[in-house]
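Have the viewer open while you read.

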Amino acid sequence: MELVTANYASPVIKQRVRAKTALAPDQLGQRFGEWGRKTGEDVVLTGASSAGEYAVMAREPIQSFYCSNLDRLLKRFGAQCEETSRFPNVELIETDEEFLYFDARKNLTASPVQAYLEIMRGDNREQETAEQLREAILQPLKEKG
């Protein structure tokens, strides 16, 4: 895990938009997932937004998603997800880095390894959460071992 962490490079971001939606987080994720399946586009929560699925961590007020085609996503969701700088609750990040979409869960949660790598670069509180995640990732391997 130390080598993976040391060699992790943040994804190349093509564009980033902050938006506001009235949809609940689970509804938004479900609709984004349906859009991805219908269009063949990739969409997944960022590792940082996914960390709460794997470890005890306070949720951020903004749900962040990686997507492969931001313009198409915004066009599809129109008024349901409007770009704004006033009180945004969604961040959409366009990137075609395939490793981000690898092993995504059905609810669009990023893989536990991606969550670990992203929050490990955060502040002390996030790094403590990353250690919980690290143990959760490695525990099944220790049990086999």
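Which residue in β5 is the bridge partner of arginine 16? Going by this predicted model, the partner is isoleucine 93. That contact belongs to an antiparallel pairing of β1 (residues 15-20) with β5 (residues 90-94), which runs over five bridges. β1 also pairs with β4 (residues 82-83), again in the antiparallel sense, over two bridges. There, alanine 19 stands opposite glutamate 83.

Now for the charges: the structure holds eight salt bridges. Here are some of them.

| Salt bridge | N to O distance |
|---|---|
| lysine 14 and aspartate 96 | 3.1 Å |
| arginine 18 and glutamate 91 | 4.0 Å |
| glutamate 135 and lysine 142 | 3.1 Å |

The arginine 18 and glutamate 91 pair ties strand β1 to strand β5 across 73 residues of chain. Glutamate 91 is buried at 8% relative accessibility, whereas arginine 18 is partly exposed at 40%. Lysine 14 and aspartate 96 sit 82 residues apart, the lysine in the loop between α1 (2-7) and β1, the aspartate in the loop between β5 and α5 (112-119). Aspartate 96 is partly exposed, with a relative accessible area of 46%.

As for glutamate 135 and lysine 142, they're both in one network with Glu2 and Arg134, joined by salt bridges that share partners. Glutamate 135 is partly exposed at 33%, and lysine 142 is partly exposed at 49%.

What about disulfides? The count is zero. The sulfur of cysteine 81 has its closest cysteine sulfur in cysteine 67, 9.6 Å away, so the two are too far apart for a bond. Cysteine 67 is buried at 1% relative accessible area, and cysteine 81 is buried at 2%.

Key:
Residues numbered from 1 in each chain as written. Predicted model: local features only at pLDDT ≥ 70, side-chain atom pairs only at ≥ 80, totals over all residues. Heavy atoms only, no water. Disulfide = S-S within 2.5 Å. Buried < 20%, exposed > 50% of the residue type's maximum accessible area, 1.4 Å probe, protein only. Pairing = 2+ DSSP bridges. Helix = DSSP H or I, 4+ residues; strand = E, 2+ residues; numbered from the N terminus. Salt bridge = Lys/Arg side-chain N within 4 Å of Asp/Glu carboxyl O.
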